[in-house]
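Work through the following exercises with the sequence and the 3D structure at hand. Each task is followed by a solution that goes step by step.

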Amino acid sequence: MSKVRVLVGTRKGAFILTADGKRDKWEVSGPHFAGWEMYHLKGSPADPNRIYASQTSGWFGQVIQRSSDGGKTWEAPGGDITPVPGAMPKVESNKFVYDTSPEGKPLTTHQWYDGTQHPWEFKRVWHLEPSHTDPDTVYAGVEDAALFRSTDGAKSWQELPGLRGHGTGPKWQPGAGGMCLHTVILDKKDPKRIYIAISAAGAFRTDNGGKTWKPINRGLHSQYIPDQTAEVGHCVHHVAMHPSRPNVLFMQKHWDVMRSDDAGDNWSEVSGNLPTDFGFVIDVHAHEPETIYVVPIKSDSEHYPPEGKLRVYRSRTGGNEWEALTKGLPQSNCYVNVLRDAMAVDSLDKCGIYFGTTGGQVYASPDAGDSWTPIVRDLPAVLSVEVQTLP
Amino acid sequence: MIRVVLPQHLRTLAKVGYEVELSVTSPVTQRSILDALEAYYPMLAGTIRDHVTQQRRPFLRFFACEEDWSLEPPDAPLPEAVASGKEPFYIIGAIAGG
């Protein structure tokens, strides 16, 4: 029988939740890396036992962890090399240095909160995206916004400088959470195509493996920037794609749920009858490419569910027409948030949907959202949720 | 042997106890201790000082013989008590965050 493994990153460690295909009894493992902020964990599609994790701390900076046994044991890649006494260490698994070659060098500042220019400064890894085909290849979306890649199992990292050197960098600016590259989508059908999204710059696409990038923000409308339809500067919260339709993208923007049918070249709003079109997460059903999920959040300052009711909204029409999914979710006095990387789906026959909250609950629906149960209730604030469907 | 006391999170990361012992070539300085520490425990590279600038991370401090050495030059010789192993070299995480 198939199994499901849910990888949960929280403010104070990582947790691994496992169940069989029924998804009614769960085992909870953790905390792993207790006390550290675990921004994101994700398994390799090419080798499900290979999992990468981003471990960060305001005191000690960035650490990358890797497991080769499905999360039972972990290592800092290269960290167990027997050192030569007196020699300098060769470990570079947590070394993220912006490219200063002629290709990356021209862009050295971005816009700061006060409108002045500010140098790029590495802070942390927000998102890890392993390759579809090679367990040793993994991409890292970082703050300040840039895309890095490792081809040696995260032992070393190189920036793809074409993105930061694209030319619009001086207009990028940090959102409230920092200037983070939080979304990385690899096109399984076309290995040279990658989508990324940055708060607050917008979405970008490469069609040549990361050498050059194109802003894909036409159709976005943001009332909080001087030019509301600018080429860049939009606060994109998350982007989702169904692997069978790489030209169709869904976006949860700061406000507005958007859709593109041409690989991001043009966007149209599909917020429809949502109670609020603000939110962070968005995801696509594993088997129904027109079925999408969001969690509306009240904004601009509150950042909790409207009316204190935690509701997932599902559209079976690719947007515009939404239904509230409430069975099993708290419908009073609920004031949690669901952060941008904290929703995922499994690929079992009856698609499972999962999301985590800042209140420490991880909810699962084994029936595509019709009903929900909490797998765990009292974890630290959940930063990310990813799901692996195992044979 | 030089004795070094690490903050709790770095002990976990390096899989060591409260204190580690290192062989450090003379003169014993902050830099030579950190070089040796990162050579013995490669996973600590980048967690105490920046990979590129080699600057101490802002929320960490270095103490020796009850004195704060954090702002001293990294190549200044440390007290004999640290060099002889009588006293440990402390790497301390700031108590911050409420």
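**Exercise 1. Which residue is the bridge partner of Gly43(A) in β5(A), and what surrounds this strand?**

Begin with the pairing: in β5(A), Gly43(A) has Ile51(A) as its bridge partner. This belongs to a set of 6 bridges that join strand β4 (residues 37-43) of chain A to β5(A) in an antiparallel run, where two strands count as paired if DSSP finds at least two bridges between them. Strands here are DSSP runs of E with at least two residues, helices are runs of H or I with at least four residues, and both are numbered from the N terminus. The model is a predicted one, in which local features need pLDDT of at least 70 and side-chain atom pairs count only at pLDDT 80 or more, whereas totals for chains, interfaces and linings use all residues. Residues are numbered from 1 along each chain as its sequence is written, while chains are lettered from A and ligands numbered from 1 in the order in which they are written.

Next, turn to the following strand: β5(A) and strand β6 (residues 61-67) of chain A are paired in the antiparallel sense over 7 bridges, with Thr56(A) opposite Gln62(A) in β6(A). The hairpin that joins β5(A) to β6(A) passes through 3 residues.

Finally, consider burial, for which a residue is buried if 20 or more other C-beta atoms lie within 10 Å of its own, exposed if 12 or fewer, and partly exposed in between, with C-beta atoms placed from the backbone. In strand β5 (residues 51-57) of chain A, 7 of its 7 residues are buried. Both faces are covered, with Ile51(A), Ala53(A), Gln55(A) and Ser57(A) on one side and Tyr52(A), Ser54(A) and Thr56(A) on the other.

**Exercise 2. In what order do the 4 strands of the open sheet in chain A stand?**

The order is β17-β18-β19-β20 of chain A, and the pairing is antiparallel. The edge strands, each of which pairs on one side only, are β17 (236-241) and β20 (268-269) of chain A. Looking inside the sheet, strand β18 (residues 249-253) and strand β19 (residues 257-260) of chain A share 4 bridges in the antiparallel sense, and Gln252(A) is found opposite Val257(A) in β19(A).

**Exercise 3. Where is the cis peptide bond that has omega of about -5°, and where is the one of about 0°?**

As background, most residues other than glycine have a negative phi, and most peptide bonds are trans. The bond with omega of about -5° joins Glu143(A) and Asp144(A), and Asp144(A) sits in the loop between β10 (138-143) and β11 (146-150) of chain A. The bond with omega of about 0° joins Ser199(A) and Ala200(A), where Ala200(A) belongs to the loop between β14 (194-199) and β15 (202-206) of chain A.

**Exercise 4. Is Glu66(B) buried or exposed, and what of Asp68(B)?**

Glu66(B), in the loop between β3 (60-64) and β4 of chain B, is exposed because 7 other C-beta atoms lie within 10 Å. Its phi is near 65°, a positive value in a residue other than glycine. Asp68(B), which lies in strand β4 (residues 67-68) of chain B, is exposed as well, because 12 other C-beta atoms are within 10 Å. The C-alpha atoms of Asp68(B) and Tyr90(B) are 9.5 Å from each other, although the two residues are 22 residues apart along the chain.
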